[in-house]
Amino acid sequence: MNVLGIETSCDDTSLALFSTRRGIISNLTANQLIHDEYGGVVPEIASRAHIRSVLPVYRALLAETGVDARDIDGIGVANGPGLIGSLLVGAAFAKALAYAVKRPLVGVHHIEAHILSNELEGEVLSTPAVVLVVSGGHTSLYHIPFAGRYELVGNTRDDAAGESFDKIAKLLGLGFPGGPVLEKAARDGDGEAVRFPRAMMKKGDLDFSFSGLKTAVRLYVEGLPRVNGKAVSDVAASAQRAIVDVLVEKTVRCAARYRVGHVYLAGGVAANALLRENLAGACAGRGIQYHAPLLQYCTDNGAMIACAASGPLARGRDDTMRLDVFARGPVSSWA
Ligand code: KG4
Ligand code: ZN
């Protein structure tokens, strides 16, 4: 079965073709660099950019793979959570195509797709497991007792981890999106240079809070005589270290609490090298198996949507023209 995956929940227009036999055939993404000017994603601009990009990306995908529209057996589209205007563009495109080629269409939960990006290399999730979902809008720990069930056991009280990367990068004048640029700046810095706060570490719960860190960085930067060169790298490295320390500690704590042998990473921040390295190390030291998606499938992509849609499509689900989009909502699986 060939599945087309469509992802337009935020600022990337990403489409992919996934074969249930061969895996990912191709994944094409048009990034919206225009938001850099504003230091963050402007929803109205994002929706309009999706309208401009979605058809050219679709055509390029078919041209590159040599797949004809009639060879598509089913369509998956991210229908939430996300920016409502952006989601609407993907959903409208998916419906029009499903109608034209007379194929089934399923809506995919964006966070479940991030979790299932760990299956893109062919291996199904090993359960019971714990997954740390770290994206621009989410920082959550889920206990997965068996495939398809996601129990939210930890969540951020304020900023998401990705949002912290973005805000701190903006504060340091590094540009947008903040994660990759802050990680790059941190490479030349000393992660021990400034001891930024690690919130809620002593408490037994599994929740997160990152707004205090953002404030601490702002106050520190305001006290600097000059914000450039080594100072920027040191602040970037120290802030990154603080975020990663909290994420790693809470994730292994969660794995111990639920006595699971598998830990998964998911979401845009999962692309962060320090997080991958430190979480892998912490898991190895405790006899836990660590898993992370391939780097190119951490940030938003059509491949994870197609992969997540393939299960329900194979079981005959069709959300039809009644499919709706939603800005917020818990992960509720098809399984
Ligand atoms: O999952 P994603 O692509 O979109 C959402 O669903 O939000 O995640 C985007 C987030 C952004 O906040 C971005 O700064 C962060 O992921 N990110 C990173 C890295 N690459 C992307 N954060 C840290 N290190 C990275 N290498
Ligand atoms: Zn995402």
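This is a predicted model: local features need pLDDT of at least 70, side-chain atom pairs count only at pLDDT 80 or more; totals for chains, interfaces and linings use all residues.
The numbering starts from 1 along each chain as its sequence is written, and ligands are numbered from 1 in the order in which they are written. Local features need pLDDT of at least 70, and side-chain atom pairs count only at pLDDT 80 or more.

View 1. Polar contacts are pairs of N or O atoms within 3.5 Å. An oxygen atom of ligand 1 sits 2.7 Å from a polar side-chain atom of D166. A backbone N or O atom of G136 is 2.8 Å from an oxygen atom of ligand 1, and for an N or O atom in the side chain of H110 the distance to a ligand 1 oxygen is 3.0 Å.

**View 2. Helix α7 passes helix α8.** Helices here are DSSP runs (H or I, at least four residues), numbered from the N terminus. The axes of α7 (residues 229–257) and α8 (residues 273–284) come within 10 Å and cross at roughly 35 degrees; axes are lines fitted to C-alpha atoms over the stretch in contact, with angles from 0 to 180 degrees between N-to-C directions. Residues in contact (heavy atoms within 4.5 Å) include V244 and L247 of α7 and L275 and L279 of α8.

**View 3. Look for two cis peptide bonds.** Most peptide bonds are trans. The bond from T127 to P128 is cis, with omega near 0 degrees. From F176 to P177 the bond is also cis, with omega near -5 degrees. P177 lies in the loop between α4 (161–171) and α5 (178–186).

Methods: Side-chain values use heavy atoms; hydrogens and water are left out. Helices (H or I, at least four residues) and strands (E, at least two) are DSSP runs, numbered from the N terminus. A crossing is left-handed if the near helix is turned anticlockwise from the far one by less than a right angle, and right-handed if clockwise. A polar contact is a pair of N or O atoms within 3.5 Å; within protein, one must be able to donate a hydrogen and the other to accept it, and residues adjacent in sequence count only if both atoms are side-chain atoms.
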